[in-house]
Amino acid sequence: MHGTKMGWPCVFLSFWCYSPLLMLYFHFLMLYFGVFFIFQRQAKYTENRLKAIKARNEYLLALEATNASVFKYYIHDLSDLIDCCDLGYHASLNRALRTFLSAELNLEQSKHEGLDAIENAVENLDANSDKQRLMEMYNNVFCPPMKFEFQPHMGDMESQLCAQQPVQSELVQRCQQLQSRLSTLKIENEEVKKTMEATLQTIQDIVTIEDFDVSDCFQYSNSMESVKSTVSETFMSKPSIAKRRANQQETEQFYFTVRG
């Protein structure tokens, strides 16, 4: 049996070797199937390559569209969105600030005009002129009244002094006494006048002291609180202020006493 089983391949090979037609047929089949498989693989390759090209084109188109959308969003859309959300804010702010500037400039101009008017009024201050104007305005109060006229009594029409005897000596004596008294009063009045003028000059010197320049208070600070504190420190902290006020009050009291 073993010899029989081993003999069939040998028979087949011998038959194959001695059959040229079968070999040619076999080669033809192999060539046919090889070409068929090649064309089939080529068709599948072509189909898959076409799908890959289409997929790549779709990817490139999608990528370009995405980049274009992102570019448009950041370059154009964001600016448009901000403009939409702006709602004229800058225009409103510009109008409000210009209104504020116009008001402040007009206020500043009005303030300067008022300061110029005040400065002009200060330059034209004149106590004597104002006193004269006041007296003219209320002349019914400040004008002297009419003189008391002589009123005769029981037919006595004599309106002159009578220097006949025996009243002449009495009149002469009274005249001498009056002249002596007038001389004394004149000397006293001259002394009082000198004292009063000196006191008045002292009061005027105190009142008209030129301490109104406060420009130093505005050199180092712009806020009102700092200005207030600077003014307080500059003027109220001077030791001479209290002493000057006390001297002024004492001088004024003495002036009114002498004047009275």
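Is Asp130 buried, exposed or partly exposed? Asp130 is partly exposed, with a relative accessible area of 37%, where buried means under 20%, exposed over 50% and partly exposed in between (1.4 Å probe, protein chains only).

## Basis of the model

This is a predicted model, in which local features need pLDDT of at least 70 and side-chain atom pairs count only at pLDDT 80 or more, while totals for chains, interfaces and linings use all residues. Residues are numbered from 1 along each chain as its sequence is written, and side-chain values use heavy atoms, with hydrogens and water left out.

## Overall fold

The protein has 9 helices and 0 strands, these being DSSP runs (helices H or I, at least four residues; strands E, at least two) numbered from the N terminus. Buried residues account for 5% of the 260 residues.

An unreviewed UniProt entry annotates residues 168–202 as "coiled-coil region", and such annotations may be inferred rather than shown by experiment. Over that stretch, residues 168–202, the chain is 100% helix, with its end C-alpha atoms 50 Å apart.

## Salt bridges

The structure holds 3 salt bridges, each defined as a side-chain nitrogen of Lys or Arg within 4 Å of a carboxyl oxygen of Asp or Glu. Arg133 pairs with Asp130, the closest N and O atoms being 2.9 Å apart; the two residues lie 3 apart in helix α5 (residues 127–137), and are therefore separated by about one helical turn.

Glu47 forms a salt bridge with Lys51 at a closest N and O separation of 3.6 Å, and these residues are 4 apart in helix α3 (residues 20–86). Asp77 bridges to Lys72, Asp77 being partly exposed at 23% relative accessibility and Lys72 partly exposed at 45%.
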